[in-house]
Amino acid sequence: MLDVHRIRKDFPILERRVHGKPLVYLDNAATSQKPRAVVEALVDYYTRTNANVHRGIHTLSEEATALYEGARDRIARFIGAPKPGTVIFTRNTTESINLVSHAWGLKHVGPGDEILLTEMEHHSNLVPWQVLSQTRGAKLKFIPVTGSGTLALEELPSLLSERTKLVALTQMSNVLGTINPIQEIVRAAHAKGIPVLVDGAQGVPHLPVNVLDLNCDFLVFSSHKMLGPTGVGVLYAKEAILEEMDPFLAGGDMIRDVWLDHSVWNDLPWKFEAGTPNIADVIALGAAVDYLEKIGMDEIRAHEEALTRAALGALRQIEGITLYGPEDPAIRGAAISFNVNGIHPHDLGQLLDEEGIALRAGHHCCKPLMRKLGVAATARASFYLYNSEEEARILAQALQKAKEVFGVVAHR
Ligand SMILES: Cc1ncc(COP(=O)(O)O)c(C=O)c1O
C-alpha cells in the first residue's frame with residue numbers, strides 16, 4: 001500500500017485551501033500536480049546551469065547537455081525503450097501525434113487507404129487523422145465502444161483490411177477509464193503488417209508501461225499528466241520507423257550539414273528536435289520519472305485500482321447518478337465520469353469547487369464519445385497517487401449535498 005500521507009507531503013500545493021476548505025484535487029486526467037523534486041529541478045537548472053544544449057563548448061552548456069540527454073536516458077528506461085535515440089521530445093501528446101501524422105502519415109497513407117481508430121479517442125488522436133485523411137483522400141474507421149465502455153474487439157478482424165495503414169488508439173480512456181488490451185490489438189494488427197500508435201497520455205502516468213512488451217510502433221504521452229511540467233511531450237517509435245521518416249519541423253539542431261540548396265539530417269533523435277528544445281522542462285520530467293520510479297508504477301497502479309473500487313462504491317450509493325465506463329476496477333483506471341440526474345455537470349463542478357473539490361466538467365475533448373453516450377457533457381473525477389479513499393468519500397458527500405442544494409432550488 002502507498003503511504004499517501006507521506007506522499008502528499010511532497011506536493012506543496014496539496015496544502016492549499018480553496019474557499020476555506022482543504023483542496024481535494026481530482027482533476028488529474030487534465031493535469032497532475034508536481035512534487036517538490038520537480039519544482040526544485042526547474043529552479044536548480046535556472047539558478048545553476050542555464051545554457052543552450054548541443055552547442056557551446058563551455059562548462060554550463062556541457063552540463064545542460066548532460067542533464068538534458070540524461071533525462072532522455074531515464075525516460076527511455078522508464079518506458080523500456082531499447083535506445084534513448086528512439087525517444088523524441090515534443091511539446092505534448094498532441095504535437096507527438098501531429099509529428100507522426102505529418103512525417104509518417106503523409107508518406108505512407110494514400111488515396112483509398114484506411115486508418116483505424118476507436119470511438120473513445122481524445123480529439124488529439126482523432127483530428128490529426130481527419131486532417132491527414134482529408135489531405136490524402138484516405139478514410140477513417142472506428143472500433144465501436146460497447147455499452148459497458150469497452151471496445152467491441154470482435155469487430156477488429158473485419159475492421160483491419162488490406163487498405164489499413166495504421167491503427168491508433170488510446171491506452172486508457174480519459175472519459176471512461178477503460179484500459180484497452182493493447183497487446184491483443186497490436187498482435188492482430190501486426191499479423192496483417194499494420195503498425196500501431198498508442199496514445200499513452202492517460203496510460204503512461206498510471207500504468208507500468210514497457211514498449212517492448214506492448215510491441216507498439218509508436219507511443220506518445222505528455223509530461224504534465226505524470227508529475228512533470230507542461231510543455232514537454234514524448235514520442236517513442238521503433239528505430240527503423242524513425243530512421244525512415246523525414247523530419248517534421250526543419251531548422252537548427254536537426255541538421256548534420258547545410259548547403260545553400262540542401263541539407264543532411266541529423267541522427268536520431270535530434271532529426272526530430274528542431275530549434276532550441278524545452279531544456280528545463282525536459283530535465284524536470286526526468287525528475288518526475290525518478291519520483292514515479294521511486295514509488296513504483298506497480299504500486300501506483302494497485303493504489304489507483306483500490307481507489308477506483310472505493311470511489312465507484314461510494315458514488316454508486318448516490319441516487320440518480322449515472323456512472324460511465326467499466327464497472328470492474330481491474331480493467332479501468334481512476335478517471336471516473338458521471339452525471340447526476342437534474343444537475344448540469346458545470347453546475348455540479350461549481351458547487352464542488354465551493355467545497356474545495358477540483359474536478360472537470362465538459363466534453364473532455366471527446367465530443368464523438370459524448371454523442372455516443374447521449375450526453376453533451378459529464379463531470380469527471382480523476383485520481384492519482386496522492387489521492388486517498390477519504391477524498392473519494394468527501395466527493396460522494398459533496399455530491400449528496402449538491403443534490404440537496406438543487407432539490408431546494410427546484411422546490412422554490
Ligand atoms: C487520452 C488523451 N490523449 C491525448 C491528450 C492530449 O494531451 P495534451 O493536451 O497534453 O497534448 C489527452 C489530454 O487530456 C488525453 O487524455
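1. Helices (H or I, at least four residues) and strands (E, at least two) are DSSP runs, numbered from the N terminus. The structure discussed here is a predicted model, in which local features need pLDDT of at least 70, side-chain atom pairs count only at pLDDT 80 or more, and totals for chains, interfaces and linings use all residues. Residues are numbered from 1 along each chain as its sequence is written.

2. The first point concerns a loop residue. H19 is found in the loop between β1 (17-18) and β2 (21-22). Its phi is near 50 degrees, a positive value in a residue other than glycine. A residue is called buried if 20 or more other C-beta atoms lie within 10 Å of its own, exposed if 12 or fewer, and partly exposed in between, with C-beta atoms placed from the backbone. H19 counts as exposed because it has 10 C-beta neighbours inside 10 Å.

3. N215 is not a glycine, yet it has a positive phi of about 60 degrees. N215 lies in the loop between α8 (211-214) and β9 (218-222). Because 15 other C-beta atoms lie within 10 Å, N215 is partly exposed.

4. L268 and P269 are joined by a cis peptide bond, with omega about 0 degrees. P269 lies in the loop between β12 (263-265) and α10 (279-295).

5. The domain assignment of the protein gives domain 1 (4-28 + 296-411) and domain 2 (39-294); such bounds come from an automatic or database domain assignment. The C-alpha centres of the two domains lie 29 Å apart. The contact between them takes 23 residues from domain 1 and 21 residues from domain 2, where two residues are in contact if their C-beta atoms, placed from the backbone, lie within 7 Å.

6. On the side of domain 1 that touches domain 2, α11 (297-316), β14 (335-340), α13 (367-373) and β17 (378-382) each supply at least two residues. Helix α11 gives the most, with five residues. By class, the residues of this side divide into 12 nonpolar, five polar and six charged. In this count, Ala, Val, Leu, Ile, Met, Phe, Trp, Tyr, Cys and Pro are nonpolar, Asp, Glu, Lys and Arg are charged, and the others, Gly among them, are polar.

7. Strands pair if DSSP finds at least two bridges between them. Strand β13 (residues 321-323) pairs with β14 in the antiparallel sense over three bridges, and L323 stands opposite F338. The pairing of β14 with β17 is also antiparallel, over four bridges, and the bridge partner of S337 in β17 is R380.

8. Another sheet is open, with seven strands in the order β4-β10-β9-β8-β7-β5-β6 and mixed pairing. β4 (87-90) and β6 (139-143) stand at the edges with a single partner strand each, so one side of each is left without a neighbour in the sheet. From one strand to the next, the twist averages 20 degrees. Within this sheet, β7 (residues 164-170) and β8 (residues 196-199) pair in the parallel sense over four bridges; A168 has L197 of β8 as its bridge partner.

9. Two helices pack against these strands. Helix α5 (residues 127-136) lies across β5 (114-118), β6 and β7, and runs at about 145 degrees to β6. Helix α7 (residues 182-190) touches β7 and β8, and its direction makes about 160 degrees with that of β8. For these angles, axes are lines fitted to C-alpha atoms, for helices over the stretch in contact, and angles run from 0 to 180 degrees between N-to-C directions.

10. L2 is placed in the segment before α1 (4-9). With 18 C-beta neighbours inside 10 Å, L2 counts as partly exposed. L2 and I300 are 298 residues apart in sequence and 7.4 Å apart in space, C-alpha to C-alpha. Leaving aside neighbours within four places in sequence, L2 is in contact with I7, I295, E299, H303 and L385.

11. Finally, which residues come nearest to the ligand? Of the 13 residues around the ligand, these are N92, T94, N174, A201 and S222; a residue is near a molecule or strand if its C-beta atom, placed from the backbone, lies within 6 Å of it. The shell has two nonpolar, 10 polar and one charged residues.
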